[in-house]
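Please look over the chain shown below before reading on.

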Amino acid sequence: AETCFELDHVVPKGCEMVILSEHPIRERENIIERKLMSYGLSGLKNLKVRHVVGNPVSRTDVKNALFSPDESGTFPQTFSIVAAGEETIEKFGVNMDKLSIFSALMSKDVCNEHNIEPRSLVAELVDRRLGQQVRKSHDNFGYISSMELMGLYISQVVEHPEMNAVWSELLRFTGSSLFIKDPRFYTWRGLDTTFMEVVDAANARGETAIGWRIGGKTRLNPRKDDICNFGVNDGIIVIAKDRF
């Protein structure tokens with residue numbers, strides 16, 4: 001349910017999220033409805049959620065879930081695939097990771113059969129080392145080690161309690177997020193600019209510039225007097241309330 005609210009905050013209107021699970025549809029709908037009530041919301045603004053009952057490691061079920069026509073009768077052409085474990089770590093342990101990886105890679109293969117390359121491919125894992133091994137053979141595979149992230153979050157807040165407000169702002173769906181934005185919001189393309197000038201331009205927009213992405217390479221926390229020159233496909237990394 002939390003994922004639905006996070007996505008609804010950042011995706012454009014009309015996007016659809018398909019949830020394939022063996023859990024009953026009504027049970028899943030009740031969870032989202034309770035979350036909506038707890039936030040005082042009547043519904044999602046941008047994201048449409050479609051529930052499908054099936055096995056995430058069944059090729060047939062995945063294919064039917066991904067390539068079912070929408071209400072207008074058209075088939076989706078762009079996908080972002082996320083595979084997450086449904087059961088507890090105590091029940092399946094690392095085997096849950098293997099199921100998530102298998103489901104993600106199989107979903108990608110199903111898309112490739114229809115000449116569609118997923119825009120992103122992510123699996124939620126417990127064992128970070130397993131995710132690193134898979135990335136060696138699948139360049140576009142990404143993973144999130146949720147347990148590791150939670151451990152890092154807790155340890156940092158315990159050591160630096162003042163950071164709790166910062167993390168709360170970044171992690172809640174109504175708070176700020178990280179974006180890679182068009183450099184033209186802050187400077188001119190092809191113009192040598194110090195990072196301090198970029199920071200000042202971001203501050204004027206109520207944002208915080210923390211780095212850049214130039215030539216496909218990302219750099220965080222550069223020196224204020226470092227010179228940057230942005231091209232067509234480059235961007236500035238900022239903490240902001242929205243994408244624009």
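**Briefing on the predicted model**

An open sheet is formed by 4 strands in the order β6-β11-β8-β9, and the pairing is antiparallel; two strands pair if DSSP finds at least two bridges between them. Helices (H or I, at least four residues) and strands (E, at least two) are DSSP runs, numbered from the N terminus. This is a predicted model, in which local features need pLDDT of at least 70 and side-chain atom pairs count only at pLDDT 80 or more, while totals for chains, interfaces and linings use all residues. Residues are numbered from 1 along each chain as its sequence is written, and side-chain values use heavy atoms, with hydrogens and water left out.

**The chain as a whole**

- The chain has 9 helices and 11 strands, and its C-alpha atoms fill a box of roughly 55 × 45 × 40 Å, taken along the principal axes.
- Of its 244 residues, 32% count as buried, where buried means under 20% relative accessible area, exposed means over 50% and partly exposed lies in between (1.4 Å probe, protein chains only).

- β6 pairs with β11 (residues 235–240) in the antiparallel sense over 5 bridges; I180 stands opposite I237 in β11, and the bridge partner of L178 in β11 is I239.
- Helix α9 (residues 195–204) packs on the sheet, where it touches β8 (208–214) and β11, and its direction makes about 125 degrees with that of β8; contact means heavy atoms within 4.5 Å.
- In a regular strand the side chains alternate between the two faces of the sheet. The covered face of β6 holds S177, F179 and K181, whereas L178 and I180 belong to the uncovered one.

**Two helices in contact**

- The axes of helix α1 (residues 2–10) and helix α2 (residues 25–38) come within 9 Å and cross at roughly 60 degrees.
- That angle makes α1 oblique to α2, given that angles under 35 degrees count as roughly parallel, over 145 as roughly antiparallel, 65 to 115 as roughly perpendicular and the rest as oblique.
- E2, C4 and F5 of α1 make the contact with I32, K35 and L36 of α2.

**The nonpolar cores**

- A nonpolar core is a set of buried Ala, Val, Leu, Ile, Met, Phe, Trp, Tyr and Cys residues joined through side-chain atoms within 4.5 Å; in the largest one, which has 21 residues, L66, F79 and F141 touch the most other members.
- At least two residues of this core are supplied by each of α3 (59–66), β3 (80–83), α5 (94–113), β4 (120–125) and α6 (128–137), and the largest share, 5 residues, comes from α5.
- Leaving aside residues up to four places away in sequence, F141 touches I101, A104, L105, L121, A123, G131, V134 and R135.
- A second, separate core of 14 residues includes F179, V199, V238 and A240.

**A loop residue**

- N46 lies in the loop between α2 and β2 (47–53), and at 24% relative accessibility N46 counts as partly exposed.
- Not counting residues up to four places away in sequence, N46 touches D8, V11, P12, K13, G14 and C15.

Note on methods:
Axes are lines fitted to C-alpha atoms, for helices over the stretch in contact, and angles run from 0 to 180 degrees between N-to-C directions.
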